[in-house]
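Subject: Handing over a structure

Dear colleague,

Please have it open while you read.

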Amino acid sequence: MDIEMFGKLSDAFGPSGFEEDVICTIADYCKEFDVENDAMNNLYVRMPGTKQDSRPVIQLDAHLDACGFMVQNIQDNGCLGIIMLGGFHLTSLPAHAVWIRTRSGKMVHGIICAKPVHFMTTAERNSQTLEIEKMYVDVGATSREEVENVFGIHIGDPMMPDVAFEYDAEHEICFGKAFDNRAGCACIVDTMKQLEKEQASLAVNVVGAFAAQEEVGTRGAVVTSQIVKPDLAIVFEGSPSDDFFISAGQAQGCMKKGVQIRILDNSYISNTQFISLAEEVAAKCGIKYQESVRRGGSTNAAKISVTGKAVPCLVLGVPSRYAHSHYNFCAREDLEAASAMAANVIRALDEEKIRHICHQDVL
């Protein structure tokens, strides 16, 4: 795994609907592939010369966007009312910094307002109740006119958490923002680079499809799956790590325990034949993995799986601590386990296995 690439992906500005910086960053690392984007900011990366390939297609999916915000209104005193793009928990937001991108492309620093304790009532100090309608971003302005005419900020401008990527080489730990799902984006690139020189000998045509707007309704995957028309798919996610919240015996998303194979969430019941192949490959190749049955959550598998005549999906997660907040941790070894799992599963596919995964040997 190219950690420098992952760091640049983490740092890239890209809330839902505003993924341009992310697709440009990915394109910079995919110059050996055929790359194109569409009107929604979805990005497609293909092995050279394979667009008209007749082999079964396996789609590698990850979403480009991350949770962010948009300017919803501008107050007379210069504070910005905000709306969320994606699902933050409100208690994690106050007193954190953000970047606002203006229509001219200028980046403006802001702080999500937190009422000083000196001015709080006893009830406010004891309350954990927050409403997004009562949360504001301060950019240091003193009036609406200054916000619009001096700072150049307008209603509809996007914003993202202000967090810079860091890599702890001694402990091989990544720190940054948007690991859901820049981790998955990095895994697609890494997987395709592993397979590039042997793509002609594979049983499948591998297509990377980076989807926009997952955090606001898995919208991009509706389009990518129609364009790619996959027979199979591997969906990468920066999955929420639960190892700090659940006992060791129950945790299913632990850092440094390997790639997470998702069996169930609110949006998809996984293909058991695909999972069995992944587990066989893991045992053969010595890839660490952990299984997860989620009580909530969803991935792009929800939309990809119901494309065409149905698409079996293998959902692989990189456990990421504090997903959907400003700050994340993940382990390099888990990133590499996810891309190694995908690459070796693809190498293991043949006509018989594809028929089995697609249930064409049932009748």
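The notes below go from the whole chain to one helix and then to a cavity.

Please keep in mind throughout that this is a predicted model. The chain has ten helices and 17 strands, and its radius of gyration is 21 Å, close to the 21 Å that the globule rule gives for 363 residues, so the chain is as compact as a globular protein of that length. Along the principal axes, the C-alpha atoms fill a box of roughly 70 × 45 × 45 Å, and 53% of the 363 residues count as buried.

Helix α9, which covers residues 332-348, reaches 24 Å from its first C-alpha to its last, close to the 24 Å expected for its 17 residues at 1.5 Å a residue. Twelve of these 17 residues are buried, so α9 is largely enclosed by the rest of the structure; among the buried ones are D334, L335, N344, V345 and I346.

A search of the whole structure finds one cavity of 30 Å³ or more, and the volume of this largest cavity is about 90 Å³. It is lined by 13 residues, of which A66, C67, A178, H324 and S325 are the closest to its centre. Eight of the lining residues are nonpolar, three are polar and two are charged. Both domain 1 (3-66 + 177-358) and domain 2 (68-161) contribute at least three residues each to the lining, while β9 (158-161) and α5 (179-195) each supply at least two.

With best wishes

Methods. Residues are numbered from 1 along each chain as its sequence is written. This is a predicted model: local features need pLDDT of at least 70, side-chain atom pairs count only at pLDDT 80 or more; totals for chains, interfaces and linings use all residues. Side-chain values use heavy atoms; hydrogens and water are left out. On a 1 Å grid over the protein atoms alone, a cavity is a set of points where a 1.4 Å probe fits but cannot get out, and a pocket is an open set with protein on both sides within 12 Å along at least five of seven lines; lining residues have an atom within 4 Å of a point. Grid points are joined across faces, edges and corners, and a volume is the space filled by probe spheres set on the points. Helices (H or I, at least four residues) and strands (E, at least two) are DSSP runs, numbered from the N terminus. Ala, Val, Leu, Ile, Met, Phe, Trp, Tyr, Cys and Pro count as nonpolar, Asp, Glu, Lys and Arg as charged, and the others, Gly among them, as polar. Domain bounds come from an automatic or database domain assignment. The expected span of a helix is 1.5 Å times one less than its number of residues. Buried means under 20% relative accessible area, exposed over 50%, partly exposed in between (1.4 Å probe, protein chains only). The radius of gyration is taken over C-alpha atoms; the globule rule is 2.2 Å times the number of residues to the power 0.38.
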